[in-house]
Structures are given as C-alpha cells and as structure tokens.
Amino acid sequence: MAKPWIPRMHLWEIDDQPWFPSFLRAYVQTGLTHAWTVHIPLLQPSSPATVVADTLRRVLGASVSRHAYIDFCAGAGGPTPFIERALNRQLALAAARTVPATASSAGVVVDDNGARNAASSETPTYAAVADPETKSSTVRDEDEAAVDFVLTDLHPHVESWEAASKKSDRLTYVSEPVDAADAPADLLRRYAGKGSGKKSKGIFRLFNLAFHHFDDDLARAILKNTVETSEGFGIFELQDRTLGGLATCFIFGFFIFLIAPLLYWWSPVRLFFVYVIPVVPFVLVFDGLVSCLRTRTADEVEVLLRTCGADSDGWEVHSGREQVIWPCGYLNWIICSKKAT
C-alpha cells in the first residue's frame, strides 16, 4: 500500500446508518458491485474482481486450491460471485494445460517448453473410450482444482445470494446471520471437510471493501477468531488514505453519471436518483471519501493481528496494490496466511 498522508479516522458512512432508506441502500450497493465488476477498455486492464482472483492465485501459489473461501461480510453479494468465477476459470485452465497421467503411456512426449509432440491434452485415454463414464485424469484435476466460495453476513441477503448461487455450482450461502468475530464451528467444519478424497480444505476468509468498517476492538476480535479457526484471510479495498485514493472517489462519481444509462436503462427510478435527485452518486462519493479515511495500511492491520490475543507467530503478511483504473485507481490488498510447514 502507498504511504498514507493522514492518520486513520473512524468516521461514519451514510450507507451504514439505520435512517438511510433501504431501497436507496440497495441502489448504492449495486453501484459498489459495478465498481468491482465493470471493465472499461483502455482505462482498465480488467475488472477489480478479476484482479482479486489473479492476486489470490499469485500470492497463495499452489495452496490456492487447498482452501474454501468464505466471505464474512458479503452484503448483497458484492464481488465475491465474480471472484469465484474468475478464480475457478483460471484454475480450470491451468489444470487443463497439464498432461493426463495416461497420456505418457500412449506415447505423448512433452518438451522443455511444455509443448506436446504427439497427442494433445484432449486425446482420450483407453479407459475413457472403453467406459464413457470414466473421467480422464485431466477432468479429475480440474474438479480437484476448483474451489468453493461461501456468502455470509451478519445481515443475510438471501434473495440476492440465491440468485447469484444459481449461476455457479461452486458458490453457496448461509441464510442465517453469521458473526465474523464468532464464526459457527459447524459452518467451518462443513466447508473444511469438502476437499477431494481424504484431503480437507483450509478456511480462507474474505473481506471485500469491508474491513475498514470495523473499529479497532471489533477488528481485533475478528482477527482473533480468524487466527484460531482459519488458515488465512484476505482484505481487499478499492481506496486508501492518499490523495490518489481521494481523487478516485470523485472520478468514480463522474463515471456513474457517464455509464448509468448503460447500466440502469431498464429502471427509470434508479436513473431518477442518479440524475434528477443525485442521491446515489452523492452517497457513493461521500462514503468513498470516508472509506479512504477509515482504510488501514498493511502495517496497521499487522499490529492488530499481533495484538488480537491469539498466537499469530506462525502467520505471515503480504500486501501490495494493483492499478485497476487509469490514472489513480488502485486495488489495495493484504493477504495473511499460516507459514508453510
């Protein structure tokens, strides 16, 4: 993360207030989801949700397939369904590039660059021809590489989550309230036990545009529960306490005015609250600025981690930032996990 130019301030956001109308809150949350998922050519290399998937795969390396990913602050769904699809698509492509175990016995030779000099990876094995119900090792590799994502929240959005989960077999949700500071043991056991064969999965917690909402006491309680029950966690924010981060909030508000007709052409009411009474862009910009002031650096998160009351000596912290929109929009990420033994 870039070095902040002001101290962290735990201020309030309009979207968090109980007096803010629920239908307007839904419009604002939809706008935030689009901030994660929209890809504007020339200005963005890819959507921020795809960048999160890239980052998880790069930082976690081979262990990325050994986790079940639980979003403990999923809200209305946010970017997690898109991260799930992007990550599993990447893992499937990587698995498909591996040579089937039975291919070598069929005379397939692979050179130093991984090129196949005989049959391709799509060449069926004898077993697959003899019994169509038998999966090739490549298909099994793809199945084993795929990972599960789970949507949870203290205030579940079951209707939105159900719609999202219908689009992927690897995305599920918990309809009961889930407290990130006191995760139910049966929930963790259920998804930790979903590994292939006898292999169990480690729980990896996701906090997408969420961790800055917690004050220090609550953040420590959540980290303590995480260290005691999980294998890792990732914090992903689209803002930080820099001039560039503040400027990005205004740029985002400007883009809402530009692209709202493309996104909400089917809803005159939404467009009314974008253009006639611009509540939605105002709240997105205002709350974005406040979020900048509330966002912690990696060093500040590590201080909370080391003082949360759990034994975090075996945990390591990685962090960085990836540009997601020109000229000054960055994804700031912190990934903490247990050291490999």
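Predicted model: local features only at pLDDT ≥ 70, side-chain atom pairs only at ≥ 80, totals over all residues.
Residue numbers start from 1 along each chain as its sequence is written. Local features need pLDDT of at least 70, side-chain atom pairs count only at pLDDT 80 or more, totals for chains, interfaces and linings use all residues, and side-chain values use heavy atoms, with hydrogens and water left out.

Trp5 is partly exposed, at 48% relative accessible area; buried means under 20%, exposed over 50%, and partly exposed in between (1.4 Å probe, protein chains only). Apart from neighbours within four places in sequence, Trp5 is in contact with Arg241, Thr242, Leu243 and Leu246, where contact means heavy atoms within 4.5 Å.

Next, backbone geometry. Most residues other than glycine have a negative phi, and most peptide bonds are trans. Select Leu42, in the loop between α1 (22-37) and α2 (48-60). Its phi is near 75°, and the residue is exposed, with a relative accessible area of 88%. Then go to Leu209, in the loop from β4 (202-208) to α8 (216-229). Leu209 also has a positive phi, near 55°, but is buried at 17% relative accessibility.

For a cis peptide bond, select Trp326 and Pro327: omega between them is near 10°. Pro327 sits in the loop between β6 (315-325) and β7 (329-338).

Move to Asp148, in the loop between α5 (137-145) and β2 (149-151). Asp148 is buried, with 8% relative accessibility. Show the Arg170 side chain as well: the Asp148 side chain makes a polar contact with it at 3.3 Å. A polar contact is a pair of N or O atoms within 3.5 Å; within protein, one must be able to donate a hydrogen and the other to accept it, and residues adjacent in sequence count only if both atoms are side-chain atoms.

Finish with helix α11, residues 279-294. Its 16 residues reach 22 Å from first C-alpha to last, close to the expected 22 Å, the expected span being 1.5 Å times one less than the number of residues. Twelve of the 16 residues are buried, so α11 is largely enclosed by the rest of the structure. Among the buried residues are Val280, Leu284, Asp287 and Arg294. To see what covers them, display elements including α1, α9 (243-264) and α10 (268-276).

Definitions and conventions: Helix = DSSP H or I, 4+ residues; strand = E, 2+ residues; numbered from the N terminus.
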